[in-house]
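Here's a quick tour for anyone meeting this structure for the first time. Take a look at the model below, then read on.

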Amino acid sequence: MNQTELIVLLQQADDTAFKKLVDAYETMVYNATLGLVQNETIADDITQEVFIQVHQSIGSFKGESKLSTWLYRIAITKSLDYLKHKNRKKRFAFIQHLTGSNHEESFHPPEFNHPGIVMEQKENAKALFTAMDRLPDSQRIAFTLHKLEALKHQEVAEVMQVSVQAVESLIARAKGNLRKTLQFYFENNNT
Amino acid sequence: MKTKQQLEQQVEAALQALDGAEKAMPNPFLLTRIQGRLYAKQESIWDKCLYFISRPGIAIVVVGIVISLNVFVVANGTKAEDALTEEVQNGFAAEEEDIAANTLILDNENIEP
């Protein structure tokens, strides 16, 4: 079954087609989300929401972009919504901490342990994910899609709806910022 | 104390930590959970409507609107009634004047020469 046939069947609310869609794209959506939100439970929840949205709005999909590109866009939007919500909560927790109304709430994020990273790289990956957490949204998306999802610059550009040059610039700036953060991290870390 | 070179090597190694990373596997029951959530969404539309209507805030607003409408209708009804009464009274007054005028005319006709 090709993509056009799959979309037609999905638009007819075909359950088998929906199952095929989930089977084909669940790993892709889950990994993109996991790279951005850095939490397996949240990534699982957002992946479910992505497919629910696809089920509900497949009628409006015009097929101008690839299905995978559309899925990436939904996954990124939902992940960013979650991150914005999390940052708001973090700021609120910080204010509570300053005012002394909530001493137990921690506003330091736990270190993320990606399940797909080999053992020897675990420590370095933890440091890198912590640094990625501080990147501006657009740099974070471009870097995650390119590094973790192994998308080419052209594909990242299609997902982000920007030019290839813009993607190259975003990745270069992301690397620069990551270098600075990692340098500071390793200077202050004895391991 | 780390040398600058050691630090740079460490940073470069960390930047390449994601190279060759394997894909993380999603929950094996993902499809079942999605289907469950889709079914729950379809089921709960009426539940949501009922829940929405029965919320105290909404109930108070609805009762307020109904009372306001009643007050408006009653107040308008009274005004209309007053206007009607005034019109009827004006009509009676005009009729009485006509009768009085006619009586005068009749009286003039009955005057004896």
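What pLDDT does chain A average, and what share of the residues score at least 70? This is a predicted model, and chain A averages a pLDDT of 89, with 92% of the residues scoring at least 70.

Now for the place where the two chains touch. Chain A puts 31 residues into the contact, and chain B puts in 21 residues. On the chain A side, the elements giving two or more residues are helix H2 (15–37), helix H3 (40–57), helix H5 (122–132) and helix H8 (164–187). Sort that side of chain A by class and you get 14 nonpolar, 10 polar and 7 charged residues.

Helix H2 of chain A turns up again inside its own chain, paired with helix H1 (residues 3–11) of chain A. The axes of H1(A) and H2(A) come within 8 Å and cross at roughly 130 degrees, which makes H1(A) oblique to H2(A). As for handedness, this crossing of H1(A) and H2(A) is left-handed.

Who does the touching? From H1(A), the contact uses Leu6(A), Leu9(A) and Leu10(A). H2(A) answers with Ala17(A), Phe18(A), Lys20(A) and Leu21(A). By class, this contact of H1(A) with H2(A) has 6 nonpolar residues, no polar ones and 1 charged residue.

Definitions and conventions:
Residues numbered from 1 in each chain as written. Chains lettered and ligands numbered in written order. Predicted model: local features only at pLDDT ≥ 70, side-chain atom pairs only at ≥ 80, totals over all residues. Contact = placed C-beta atoms within 7 Å. Helix = DSSP H or I, 4+ residues; strand = E, 2+ residues; numbered from the N terminus. Nonpolar A, V, L, I, M, F, W, Y, C, P; charged D, E, K, R; others polar. Axes fitted to C-alpha atoms, helices over the stretch in contact; angles between N-to-C directions. Parallel < 35°, antiparallel > 145°, perpendicular 65-115°, else oblique. Left-handed = near helix turned anticlockwise from the far one by under 90°. pLDDT = per-residue confidence, 0-100.
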